[in-house]
Amino acid sequence: MENIDLSLKKENPMEVGRIESFLKKYPVYQYAIVPVSEIPFSEKVRDICKHECERYGTSWSCPPAVGTVEECKKRCMNYKFALIFSTVAEADEAYDLSSVLKTHTEHEDITLKLADRIAKDGNNVFALSSNSCSLCRECTYPDGKCRFPHHMHPCIESYGIVVFPLLEKLEMDYSIGEKLVLWFSILFIS
């Protein structure tokens with residue numbers, strides 16, 4: 001799927017074209033390249049993290065470690081555009097959270113490879129992903145530094161980003177089948 005803001009393509013034809021050319025080499029299901037100004041942020045998303053997520057306050061990839069929503073938004077606004085992409089994984093049991101979470105590792109690997117590939121072209125890249133980091137059996141937060149800061153991708157929602165309306169606006173799928181899981185990442189690029 002191609003979904004690119006045309007003004008962005010006019011402003012950055014070389015960068016956008018280069019990204020599109022190597023995206024085809026990765027198992028990316030859908031993608032969109034948009035100006036960072038198109039990304040919606042909301043304190044309400046952070047409230048959901050705080051009151052409904054068991055990872056809140058336990059990981060460097062989650063609040064409050066990532067900073068306030070305003071700080072997160074400011075950090076993201078330092079980039080020119082964002083590559084939003086999804087990958088597909090098949091879960092053994094669609095309604096079993098542990099089965100679904102096992103499929104996340106490959107998506108994280110793809111996110112890291114894409115971020116590294118884009119950085120090779122001289123771009124600054126910052127990655128957010130669908131889930132909180134699970135690289136370590138036990139996170140060092142809050143007592144020690146992150147063991148793998150280059151591989152740790154904060155959760156998209158931890159930054160206060162409102163995912164559903166963004167995906168709808170970009171005409172990207174959020175669900176495609178009972179045992180198929182869509183994982184998302186956002187790479188901020190400048």
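Residues are numbered from 1 along each chain as its sequence is written. In this predicted model, local features need pLDDT of at least 70 and side-chain atom pairs count only at pLDDT 80 or more, while totals for chains, interfaces and linings use all residues, and side-chain values use heavy atoms, with hydrogens and water left out.

The chain holds seven helices and four strands. These elements are DSSP runs numbered from the N terminus (helices: H or I, at least four residues; strands: E, at least two). Their order along the sequence is α-α-β-α-α-β-α-α-β-α-β. Of the 190 residues in the chain, 46% are buried. Buried means under 20% relative accessible area, exposed over 50%, and partly exposed in between (1.4 Å probe, protein chains only). Among contacts between residues at least 6 apart in sequence, 78% join residues at least 24 apart. A contact requires heavy atoms within 4.5 Å.

Helix α3 spans residues 43–52. Its buried residues are Val-45, Arg-46 and Cys-49. They fall within an arc of 100 degrees seen down the axis of α3, so they line one face of the helix. The arc is taken from the directions from the helix axis to the C-beta atoms. The face turned away from the buried side of α3 carries exposed Lys-44, His-51 and Glu-52. Ser-42 caps the N-terminal end of α3, with a side-chain oxygen 3.1 Å from the backbone nitrogen of Lys-44.

Helix α4 covers residues 69–76, and its buried residues are Val-69, Cys-72 and Cys-76. An α-helix has 3.6 residues a turn, so residues three or four places apart point the same way. Glu-70 and Lys-74 are exposed on the other side of α4. The cover over the buried residues of α4 includes α3 and β4 (180–189). In turn, α4 is part of what covers the buried residues of α3.

The second largest pocket contains about 230 Å³ of space. A pocket is an open set of points on a 1 Å grid over the protein atoms alone, where a 1.4 Å probe fits, with protein on both sides within 12 Å along at least five of seven lines; lining residues have an atom within 4 Å of a point. Volume is the space filled by probe spheres set on the points. Thirteen residues line the second largest pocket, with Val-125, Phe-126, Ala-127, His-150 and His-153 nearest its centre. Two elements, α6 (104–120) and β3 (125–129), each give two or more residues to this lining. The most come from α6, with four.

Note on methods. A polar contact is a pair of N or O atoms within 3.5 Å; within protein, one must be able to donate a hydrogen and the other to accept it, and residues adjacent in sequence count only if both atoms are side-chain atoms.
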